[in-house]
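This report walks through one protein model, feature by feature. Please have the sequence and the coordinates open beside the text.

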Amino acid sequence: MGDSCSTGRDEELERFLLAMSAVMGSLGRAFLCLDREMRVVHASTGLDDLLDEGAAQATRGLHASELLGEELFGPDGSLVGPLEADQRREGWGATLRLGEGTSRMVSVTAAPLAGADPDVCDPRVAYVVVVRPEEEESEDGTARPSIFAGMVARSSSMLNIFRLISKLSESDATVLVQGESGTGKELVARAVHTYSTRSDGPFVAVNCGALPGDLLESELFGHVRGSFTGAVRDRTGRFEAAGDGSLFLDEVGELPLSLQVKLLRVLQDGTYQRVGESTNRTANCRVIAATNRDLKDAVRAGAFRDDLYYRLRVVPITVPPLRDRREDVEPLAHHLLARACRRHGRALRLAPSALRALLSYGWPGNVRELENALEYAVAVAPGQTIHARDLPAEITEVAAPGSTTLGARTHTPTPAAERDSAGADVFAVAGGGGADERATMLAALEAHRWNRQAVADALGISRTTLWRRLRELDLVKQDVS
């Protein structure tokens with residue numbers, strides 16, 4: 001009797017899941033039902049459309065991190081903590097991947113399963129994850145933060161880089177990553193390796209600016225015993241150590257001309273020689289290079305070979321500075337803060353004042369400087385909330401309204417979605433509200449001849465927020481154009 005009831009209930013549950021799969025599939029969505037260990041209990045047939053036929057069945061029992069990445073569902077994943085705290089997270093970008101099969105960039109919404117009827121739903125299910133193709137625009141047109149190979153972004157420039165890396169998955173072309181210091185060029189290089197057919201091989205990194213030329217040659221190509229003073233044994237070079245994986249040449253613009261010739265030979269015919277050896281060896285690795293220099297200028301100055309430059313930049317990837325993608329500051333800050341908190345064993349959040357300061361700062365040191373600032377704040381913040389006063393002084397220094405420093409450094413116009421996310425009082429640079437806030441607003445209005453759009457851009461807020469605050473401060477009597 002008990003067995004027949006159980007069988008009947010299982011059949012009813014299966015019919016219910018098939019019906020839900022059909023409903024979600026008609027909307028272009030797929031879903032995963034997870035237990036409290038973040039393992040897949042059920043998966044909708046929509047996964048077959050997103051990946052390959054049979055994917056839905058194959059996912060059962062897998063950990064969510066095996067499908068959507070450690071960054072979201074690993075032990076320290078960005079979605080694990082909120083789910084365990086009964087919070088929902090919407091629209092996080094990720095890469096859906098099943099083993100070595102097809103991968104797909106998707107948008108992920110995850111929520112605890114609440115109010116479920118135990119007679120209808122499987123009691124093992126604790127969380128529901130809904131995925132949709134990332135290329136679909138969100139309903140409100142707002143970009144959502146995406147996590148890709150350890151990188152967090154919502155700006156179109158970075159999302160385009162993520163897509164390009166995905167498209168390179170079957171290519172062995174040489175990649176040149178360019179960008180200012182601290183923008184995350186090595187993370188991009190590692191992502192190129194991770195999403196390639198060489199991902200099972202090693203990722204070997206060499207900083208070309210850290211060693212003098214003679215030592216760097218030995219580091220790259222190896223040497224034989226007795227080839228120079230101190231060479232007491234044979235040494236394997238990094239090209240050989242990289243094997244069938246990837247060799248990352250960081251700061252490749254610092255290579256001396258003598259080594260540029262040898263690197264060019266490797267890229268052209270795939271052979272090299274160890275220092276002190278006349279035998280040709282074959283390089284099997286893929287080369288990914290990075291630089292914070294303008295190599296075109298270096299070529300014009302005669303400091304870098306033009307033939308090597310074009311060999312390296314078969315696929316160029318330029319990582320924009322953080323000041324040019326301010327919409328990435330907020331998701332990056334939350335992600336880096338969570339990482340710093342784990343290292344320090346703390347649980348902290350950002351106050352609106354701290355977030356405003358982070359959004360207003362120019363970040364000359366890019367993502368590395370942002371990470372260091374949050375590390376500092378985690379170390380010194382006395383309570384559970386990081387306020388602006390807990391950030392490094394250079395981030396919170398704000399010039400008086402109307403000064404050139406203010407306009408150049410703290411009030412660069414930002415996208416409306418980012419401005420609103422900072423809160424309605426993002427413009428209160430005097431730190432106060434009341435008379436101080438009204439005086440600050442009035443000064444900005446007069447400086448821009450009461451042009452609302454110009455004032456909103458200067459103060460880093462949207463026109464809607466500006467209008468609301470004008471009414472609250474009784475500054476709408478004038479004819480604002």
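## The parallel sheet

Five strands form an open sheet in the order E9-E12-E15-E8-E16, with parallel pairing. Strands here are DSSP runs of E with at least two residues, helices are runs of H or I with at least four, and both are numbered from the N terminus. Two strands pair if DSSP finds at least two bridges between them. Strand E9 (203–207) and strand E16 (315–318) stand at the edges. Each has a single partner strand, so one side of each is left without a neighbour in the sheet. From one strand to the next, the twist averages 20°. Its axes are lines fitted to C-alpha atoms (for helices, over the stretch in contact), with angles from 0 to 180 degrees between N-to-C directions.

Strand E8 (residues 175–178) runs parallel to E16, and 4 bridges join the two. Within this pair, Val175 stands opposite Val315 in E16.

## Basis of the values

The model is predicted: local features need pLDDT of at least 70, side-chain atom pairs count only at pLDDT 80 or more, and totals for chains, interfaces and linings use all residues. Residues are numbered from 1 along each chain as its sequence is written, and side-chain values use heavy atoms, with hydrogens and water left out.

## A hairpin

Strand E1 (residues 30–34) and strand E2 (residues 40–43) run antiparallel, joined by 3 bridges. They form a hairpin with 5 residues between them. Met38 sits in the turn and has a positive phi of about 70°. Across the pair, Leu32 stands opposite Ala43 in E2.

## Cysteines

How many disulfides does the model contain? The count is 0, where a disulfide is a pair of cysteine sulfur atoms within 2.5 Å. Cys33 is buried, at a relative accessible area of 8%. Cys208 is buried too, at 2%. Buried means under 20% relative accessible area, exposed over 50%, and partly exposed in between (1.4 Å probe, protein chains only).

## Salt bridges

The model has 14 salt bridges. Each is a side-chain nitrogen of Lys or Arg within 4 Å of a carboxyl oxygen of Asp or Glu.

Helix H11 (residues 257–269) holds both Asp269 and Arg265, 4 residues apart, or about one helical turn. Their side chains meet in a salt bridge at 3.9 Å, N to O. Asp269 is partly exposed at 46%, and Arg265 is partly exposed at 33%. Helix H12 (residues 295–300) holds Asp297 and Arg300, 3 residues apart, about one turn of the helix. The closest N and O atoms of this salt bridge are 2.2 Å apart. Asp297 is partly exposed at 38%, whereas Arg300 is exposed at 62%.

Arg305 and Asp307 also form a salt bridge, at 2.8 Å, N to O. Arg305 has a relative accessibility of 29% and is partly exposed. Asp307 is partly exposed at 27%. Elsewhere, salt bridges that share partners join Glu219, Arg235 and Arg238 into one network.

## The largest pocket

About 820 Å³ of space lies in the largest pocket. A pocket is found on a 1 Å grid over the protein atoms alone, as an open set of points where a 1.4 Å probe fits, with protein on both sides within 12 Å along at least five of seven lines; lining residues have an atom within 4 Å of a point. Grid points are joined across faces, edges and corners, and the volume is the space filled by probe spheres set on the points.

The lining has 32 residues, of which Ser78, Pro82, Arg89, His334 and Ala338 lie nearest the centre. Which element supplies the largest share? Helix H14 does, with 7 residues. Helix H5 (70–73), helix H6 (80–84), strand E3 (89–97), H14 (329–344) and strand E17 (349–350) each supply at least two lining residues.

Two non-glycine residues in loops deserve a look. Ala149 has a positive phi, near 50°. Ala149 lies in the loop between strand E6 (146–148) and strand E7 (151–153), and is partly exposed at 22%. Trp363 also has a positive phi near 50°. Trp363 sits in the loop between helix H15 (352–360) and H16. Is Trp363 buried or exposed? Trp363 is buried, at 0% relative accessibility.

Ala379 lies in helix H16 (residues 366–380) and is exposed at 52%.
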